[in-house]
Amino acid sequence: MARTIAKDHDEKRAQILKSAAKVFAEAGFDRASMTQLARECGISKANIYHYYDSKDAVLFGVLDTYLSELRDRVCGVDVSALSPDQRLRRIVSKILLAYQGADHEHQVQISAMGALPEDQQKLLRAYQRELVQVVSDALAAVAPTTLARDSEKLRSATMSVFGMLNWYYMWNSGAGSDAREAYADVVANLTLGGVGRL
């Protein structure tokens with residue numbers, strides 16, 4: 001007889017993934033154990049195996065959940081009625097706010113994605129590419145004469161914006177919404193003030 005799914009199944013999975021992100025970020029994925037993960041979750045190791053059959057499956061669950069939700073939040077922003085400058089500002093702000101509360105997941109993305117099989121990495125990189133495309137399109141609209149016609153400059157500008165955003169947690173871990181909005185303004189101002197000179 002098939003095992004019935006508990007009413008709190010989704011909540012337990014979410015708890016495991018959140019705890020795993022913390023363990024993987026702090027200990028490193030290679031050094032982290034399922035025993036550490038069970039201790040952090042406050043459940044038995046056997047209970048974790050009920051939800052995920054391996055440490056690799058947990059890692060994929062962390063990154064797939066984090067990146068797909070990040071992609072959905074950022075790519076789902078309606079910017080159709082905004083000017084190019086406003087569009088860039090909205091997207092930069094949305095990315096920083098979407099990162100809020102996910103410092104561990106973000107660190108795991110940076111440090112451990114390469115431990116996964118290539119087919120899983122391919123799926124996760126597709127989420128990343130969609131995010132990059134949103135920023136790239138916004139930058140091209142801001143500077144159509146300097147960026148839209150030069151793919152190398154556009155890529156450099158796009159990745160520079162992500163460089164400013166992706167390492168924010170390093171010097172402002174746990175920053176709240178107000179601090180993130182303020183930093184989003186800094187990034188947007190630096191970008192908007194500079195792309196015309198590229």
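This is a predicted model: local features need pLDDT of at least 70, side-chain atom pairs count only at pLDDT 80 or more; totals for chains, interfaces and linings use all residues.
Residues are numbered from 1 along each chain as its sequence is written, and side-chain values use heavy atoms, leaving out hydrogens and water.

**Figure 1. The aromatic pair of Phe24 and Phe29.** Five aromatic pairs occur in the structure (ring centres of Phe, Tyr or the six-membered ring of Trp within 6.5 Å; planes under 30 degrees apart are stacked, over 60 edge-to-face, the rest tilted). Phe24 and Phe29 form an edge-to-face pair, at 5.0 Å centre to centre and 85° between the planes. Phe29 is buried because its relative accessibility is 9%. The charged end of Lys55 sits over the Phe29 ring, 4.5 Å from its centre (NZ of Lys or CZ of Arg within 6 Å of the ring centre and within 35 degrees of the ring normal).

**Figure 2. The aromatic pair of Tyr168 and Tyr183.** The pair is stacked because the ring centres are 4.5 Å apart and the planes stand at 15°. Tyr168 in helix 9 and Tyr183 in helix 10 (residues 177–194) are 15 residues apart, and their pair links distant parts of the chain. Helices are DSSP runs of H or I with at least four residues, numbered from the N terminus. Both Tyr168 and Tyr183 are buried. Ring pairs join Tyr168, Tyr183 and Trp171 in a cluster.

**Figure 3. The lining of the largest cavity.** One cavity of 30 Å³ or more is present (on a 1 Å grid over the protein atoms alone, a set of points where a 1.4 Å probe fits but cannot get out; lining residues have an atom within 4 Å of a point). The volume of the largest cavity is about 60 Å³, taken as the space filled by probe spheres set on the points, which are joined across faces, edges and corners. Its lining includes Leu96, Tyr99, Asp103, His106, Tyr168 and Arg180. Helix 5 (84–99), helix 6 (103–112), helix 8 (151–166) and helix 9 (168–171) each contribute at least two lining residues.

**Figure 4. Gln15 in helix 1 (residues 9–27).** Gln15 counts as partly exposed because its relative accessibility is 30%. Between the C-alpha atoms of Gln15 and Leu147, 132 residues apart along the chain, the separation is 43 Å.

Technical notes. On a 1 Å grid over the protein atoms alone, a cavity is a set of points where a 1.4 Å probe fits but cannot get out, and a pocket is an open set with protein on both sides within 12 Å along at least five of seven lines; lining residues have an atom within 4 Å of a point. Buried means under 20% relative accessible area, exposed over 50%, partly exposed in between (1.4 Å probe, protein chains only).
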